[in-house]
Amino acid sequence: MQAGNPEEAARHLRASLSSEETADALLTLGRLEEQTGSATEALRHYRRALDLTPNATPVDTMQRAQILESLGDTFAATNNTAQSERMYRSALEAWDDLGPELLAQPDAAPALARLQVRRGVLQDRLGDHEAAVASFRQATRTSPQMREIYATILAHLAAVSAPDVAYAQEVFQLSQRQLT
């Protein structure tokens, strides 16, 4: 895929899945299908990945949240707003459920910051920009030295239909103060 050959990447993923079906491979193939315009196939792969992902550990819950968000994105791309919102709400609930488990871990700050970013993105997609900004701010306070936090927030703010330029400038300035 990185070399610009999505058909070859999909062929390799399908061959891998024929020998062993894993949620990670299905999620990756779903994302590939989504990026190449095959929403129906992407949905099928995401649903199967969700079926294969238990909800027993924090890692499982994190993966389920990612799959649910991907399902929401694909439903949004196919103009199925009701189903998209349902998936986004389910993903947000999964991230919310994960918070207390992450707090109990040593050096939880990076994982909690990532959680807050994902929550912010989902809240924004659900139309609650104020809650999204609050989550983003919590992420930057929780782990201010993490480049990926700022990059993810800025990428999200640039990709939405109504960018929040003032907040994007604030995040950019914060990032400049934190990075070496």
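Predicted model: local features only at pLDDT ≥ 70, side-chain atom pairs only at ≥ 80, totals over all residues.
Helices are taken here as DSSP runs of at least four residues, numbered from the N terminus.

The largest pocket has a volume of about 360 Å³. Fourteen residues form its lining, and those closest to the pocket centre are Arg31, Glu34, Gln35, Tyr46 and Ser70. Two or more lining residues come from each of the elements α1 (6-19), α2 (23-35) and α4 (58-77). Among the contributing elements, α2 gives the most to this lining, with five residues. By class, the lining of the largest pocket comprises five nonpolar, four polar and five charged residues.

The second largest pocket holds about 270 Å³ of space. Of the 13 residues that line this pocket, Arg125, His156, Ala159, Val160 and Ser161 are the closest to its centre. The elements giving two or more residues to the lining of the second largest pocket are α6 and α8 (147-159). This lining divides into six nonpolar, three polar and four charged residues.

Helix α6, which spans residues 109-125, also contains Leu122. Leu122 has a relative accessibility of 0% and therefore counts as buried, the cut-off for burial being under 20%. Apart from neighbours within four places in sequence, the contacts of Leu122 are with Glu69, Tyr88, Ala91, Leu92 and Trp95. Thr140 lies 18 residues from Leu122 along the chain, and the C-alpha atoms of the two residues are separated by 17 Å.

Key. Residues numbered from 1 in each chain as written. Heavy atoms only, no water. Buried < 20%, exposed > 50% of the residue type's maximum accessible area, 1.4 Å probe, protein only. Contact = heavy atoms within 4.5 Å. 1 Å grid on protein atoms, 1.4 Å probe; cavity = no way out; pocket = protein on both sides within 12 Å on 5 of 7 lines; lining within 4 Å. Points joined across faces, edges and corners; volume = space filled by probe spheres on them. Nonpolar A, V, L, I, M, F, W, Y, C, P; charged D, E, K, R; others polar.
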